[in-house]
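Me: I have a model open and want to learn to read its features one at a time. Where do we start?

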Amino acid sequence: MSTALRSVSARDISSFLAAHELPEPAGAPRRSPAGMVGNTPVLWVGEPFNPPGRGFWAKLEGANPGGLKDRSALHMVAAARKRGDLRPGAPVIESTSGTLGLGLALAGITYGHPVTLVTDPGMEPLMLHQLHALGAHVDVVTEPHPVGGWQEARRRRVGELLARTPSAWCPDQYNNPDNVAAYATLALELVVQLGRVDVLVAAVGTGGHSAGIARTLRTFHPELRLVGVDSVHSTVFGQPAGPRLMRGLGSSIHPGNVDHAAFDEAHWVAPGEAVRTCRRLARGHYTSGGWSVGAVALVANWIARTQPEHTRIVAIFPDGVHRYWNTVYSDDYCRAHDLLGSRPAADPDEIAHPGDQVVERWTRCTNVTVPEGAAR
């Protein structure tokens, strides 16, 4: 891959700024908690996580009040209010595995909307307590859907609650184009911070941040390579659905926001591989996160080792470590789920097509197609 991407001129940035409102500079006084979202730092992840002279830049979205999805929650709510889809004071009801819930709680406080969040028993106790403390009502489904698992069970419960509350609005994060548009400013922050991005590595769940960041970066750097990171037993890139331990990436349904054509390659990662990577990253760099961070960092490390020198790689870290004290960072939990075995392999397995076999460990595929059953 050529790394001689065109430089970004002041005119490029000025033109983009005319169409997108950026957050105030980091460190400026804030009159609203929403003002704390954005302008997150980038951290060089080199030795000891990467070999000497190699590494990648991590965009630390855990520096937002609730994490990466603060951006999409605020943007989706603001856009719905502007269109008149969400009336002043009307309830907001949505499904979440956690991080979007924090963002919607923030949006509810910012714009004056009661928020109901539908989740499942896998939500961490710390997250449950935090959402309650932020004023959100949390509704927990008790049984997975026979086909779509917990994710589909949550969505159906959202439908029931919406039918009972005609004034309520649902963001529908899986299919809402505002979820994608919300990440244009994150991409511009990267342009300002780094000037050039050759490879973007992002976890894929709803598809919002991978599509939104890549779309904007490619207006500056058309040669950008997009690497999607998925969970084993996820349908996003064409594997069959199955029980998943990891939250925050992967899906049992086919989100409409996933832009399959935008990806140059996809990787599937298993829970134990993500856990070992999270812990290694924390020990070496004093920064880490949850399942998505571990999976993304594992893949970004491999790209940093195998791509030409001076390739500029950016990995999106959606959150921090605190939420995962009783899962990723709990020895008891990890031993109970057999997650502390051997270290991840140095290289992924390779398959020619997502349907060739069911993968159970870190696996790479460069033939990214729209899965059967997904919207085209």
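Reply: With burial. Buried means under 20% relative accessible area, exposed over 50%, and partly exposed in between (1.4 Å probe, protein chains only). Ser 330 is buried, at a relative accessible area of 14%. Two ground rules apply. This is a predicted model, where local features need pLDDT of at least 70 and side-chain atom pairs count only at pLDDT 80 or more, while totals for chains, interfaces and linings use all residues. Residues are numbered from 1 along each chain as its sequence is written, and side-chain values use heavy atoms, with hydrogens and water left out.

Me: Where is Ser 330 in the fold, and which residues is Ser 330 in contact with?

Reply: Helices (H or I, at least four residues) and strands (E, at least two) are DSSP runs, numbered from the N terminus. Ser 330 sits in the loop between strand 9 (313-317) and helix 11 (331-336). Contact means heavy atoms within 4.5 Å. Setting aside neighbours within four places in sequence, Ser 330 is in contact with Arg 279 and Trp 325.

Me: How many salt bridges does the whole structure hold?

Reply: A salt bridge is a side-chain nitrogen of Lys or Arg within 4 Å of a carboxyl oxygen of Asp or Glu. A search of the whole structure finds 22. One of them pairs Arg 83 with Asp 85, at 2.8 Å from N to O. Arg 83 is partly exposed at 46% relative accessibility, and Asp 85 is partly exposed at 43%.

Me: Are Arg 196 and Asp 198 buried or exposed?

Reply: Arg 196 and Asp 198 are both buried. Their side chains form a salt bridge at 3.0 Å, N to O.

Me: Which parts of the chain does the salt bridge of Arg 225 and Glu 265 tie together?

Reply: The two side chains meet at 3.3 Å, N to O. Arg 225 belongs to strand 7 (residues 225-231) and Glu 265 to strand 8 (residues 265-269), so the pair ties together parts 40 residues apart in sequence. Arg 225 is partly exposed at 23% relative accessible area. Glu 265 is buried at 4%. Salt bridges with shared partners join Arg 218, Arg 225, Asp 264, Glu 265, Glu 350 and Arg 364 into one network.

Me: Next, helix packing. At what angle do helix 2 and helix 3 pack?

Reply: Axes are lines fitted to C-alpha atoms, for helices over the stretch in contact, and angles run from 0 to 180 degrees between N-to-C directions. Under 35 degrees counts as roughly parallel, over 145 as roughly antiparallel, 65 to 115 as roughly perpendicular, and the rest as oblique. Helix 2 (residues 70-83) and helix 3 (residues 99-111) pack at about 45 degrees, with axes 7 Å apart. Helix 2 and helix 3 are therefore oblique to each other. The contact includes Leu 74 and Met 76 of helix 2, and Leu 104 and Leu 106 of helix 3.

Me: Last, the backbone. What should I look for?

Reply: Most residues other than glycine have a negative phi, and most peptide bonds are trans. Now the exceptions. A cis peptide bond joins Glu 47 and Pro 48, with omega about 5 degrees. Pro 48 lies in the loop between strand 1 (42-45) and strand 2 (56-60). Asn 39 is not a glycine, yet has a positive phi of about 55 degrees. Asn 39 is partly exposed, at 26% relative accessible area. Tyr 286 also has a positive phi, near 60 degrees. Tyr 286 is in the loop between helix 9 (271-285) and helix 10 (291-306), and is exposed at 82%.
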